[in-house]
Amino acid sequence: MTPLLQATALRKLYPVKQGWSRAQLHAVDDVDLTLAPGECLGLVGESGCGKSTLARLIARLIAPSDGGIRFDGQEIAETDLRTFARSPERAQIQVVFQDPHESLNPGFTAMRIVSDHIRSLIPGLTPIQVTARAEAAFEDVGLPLSLARRYPHQLSGGQKARVGIARAIAVEPKLLILDEPTSALDVSVQAVILKLLGVLRAKRGISYIFVSHDLEVIRLICDRVAVMYLGKIVECAPTAQLFAHPAHPYTRALIAGSPDPARRGLKTERLQGSATSPINPDPNRCRFAGRCPLTAPECTAQMPQLRAVGPDQSAACHFAQSAPAKTES
Ligand SMILES: Nc1ncnc2c1ncn2[C@@H]1O[C@H](COP(=O)(O)OP(=O)(O)OP(=O)(O)O)[C@@H](O)[C@H]1O
Ligand SMILES: [Mg+2]
């Protein structure tokens, strides 16, 4: 099947100062990623590993330093951001941000927020068509129209999250990027919103990239998971395979360290040492070396590349294996 999205060697380097000299922070480094139509891909990894940067690159909110993004058969990474913002593809890739309160204009009602978004991304619609689309989006996210006439500060956290989702789906995107969409919400509201996202995906056939710290959430809703560590994807596998047989030592540590039931049976691998800096990292050294229980001479001499370790499973570790590892004990 032709992928909906294919990112190739995607890279985002930020110039930073290091003492008196200039250096580069490798926020996203050489990332390859594919997404099938209708698929939900989870993006997981610790804070600062580059999840939001990758999400923003794919959504064309920031420009890559290098690499390609093919979306729905078209190369979009070369289009400059302003031109992209006015192109029909802008509506096709939508983002739902972490904090619904911050991402909604406090001076507009929910209806105006959603209608303005439709008007700006789909020019040429009549006012009746705009209203019909907005109302359909509110209905799909389960927000009564009486609440759509309220301002953000008159809505609960869960209701604001619904407005953020309604705004994104109202322009009928093919890809929805959800950057920690539930992490600012109460646990009970989180569950309701996650269920809603599942229903919407089935109803509207949208593909998702779902960014989360929460492995349990990822396990529940994603078809496939990409694990990031310091700007790189270190493992990618179908969700069940990743949780049953994590191939990369970092994935094993993440699962073992999370309080979810999937970690049962996995030996806890405590991360030791200190993390590599994302500023001017050694290109020949595994980014996880130093914290990894497996570190061997080749780990500091050669950067491990993502390679197949099983059907649909790839990992970037010289010692990756798809069955639970035995070498480290
Ligand atoms: N505009 C910027 N200028 C310089 N560095 C940046 C910029 N934006 C992000 N970074 C750096 O890029 C790296 C990745 O940041 P990013 O926000 O993508 O991480 P994240 O995985 O989304 O983290 P979190 O889970 O905390 O949201 C971090 O080291 C961050 O400090
Ligand atoms: Mg983030």
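The lining of the largest pocket divides into six nonpolar, three polar and two charged residues. Here Ala, Val, Leu, Ile, Met, Phe, Trp, Tyr, Cys and Pro count as nonpolar, Asp, Glu, Lys and Arg as charged, and the others, Gly among them, as polar. The model is predicted, so local features need pLDDT of at least 70 and side-chain atom pairs count only at pLDDT 80 or more, while totals for chains, interfaces and linings use all residues. Residues are numbered from 1 along each chain as its sequence is written, and side-chain values use heavy atoms, without hydrogens or water.

The lining consists of L61, A85, R90, I93, Q94, V95, F97, H117, S120, L121 and R167. The pocket holds about 270 Å³ of space. A pocket is an open set of points on a 1 Å grid over the protein atoms alone, where a 1.4 Å probe fits, with protein on both sides within 12 Å along at least five of seven lines; lining residues have an atom within 4 Å of a point. The volume is the space filled by probe spheres set on the points, which are joined across faces, edges and corners.

Next come the helix pairs. Helices (H or I, at least four residues) and strands (E, at least two) are DSSP runs, numbered from the N terminus. Axes are lines fitted to C-alpha atoms, for helices over the stretch in contact, and angles run from 0 to 180 degrees between N-to-C directions.

| Pair | Axis distance | Crossing angle |
|---|---|---|
| α5 (residues 110-121) and α8 (residues 157-169) | within 8 Å | roughly 20° |
| α5 and α6 (residues 127-140) | 9 Å | about 120° |
| α6 and α8 | within 9 Å | roughly 135° |

The axes of α5 and α8 cross at roughly 20°. That makes α5 roughly parallel to α8. Angles under 35 degrees count as roughly parallel, over 145 as roughly antiparallel, 65 to 115 as roughly perpendicular and the rest as oblique. A110, I113, V114 and H117 of α5 touch V163, A166 and R167 of α8. Contact means heavy atoms within 4.5 Å. Five of these contact residues are nonpolar, one is polar and one is charged.

α5 packs on α6 at about 120°. α5 is therefore oblique to α6. From α5, A110, M111, V114, S115, I118 and R119 meet V130, R133, A134, E135 and F138 of α6. This contact has seven nonpolar, one polar and three charged residues.

α6 and α8 cross at roughly 135°. α6 is thus oblique to α8. A137, F138 and D140 of α6 touch V163, A166 and I169 of α8. Five of the residues are nonpolar, none polar and one charged.

Methods. Chains lettered and ligands numbered in written order.
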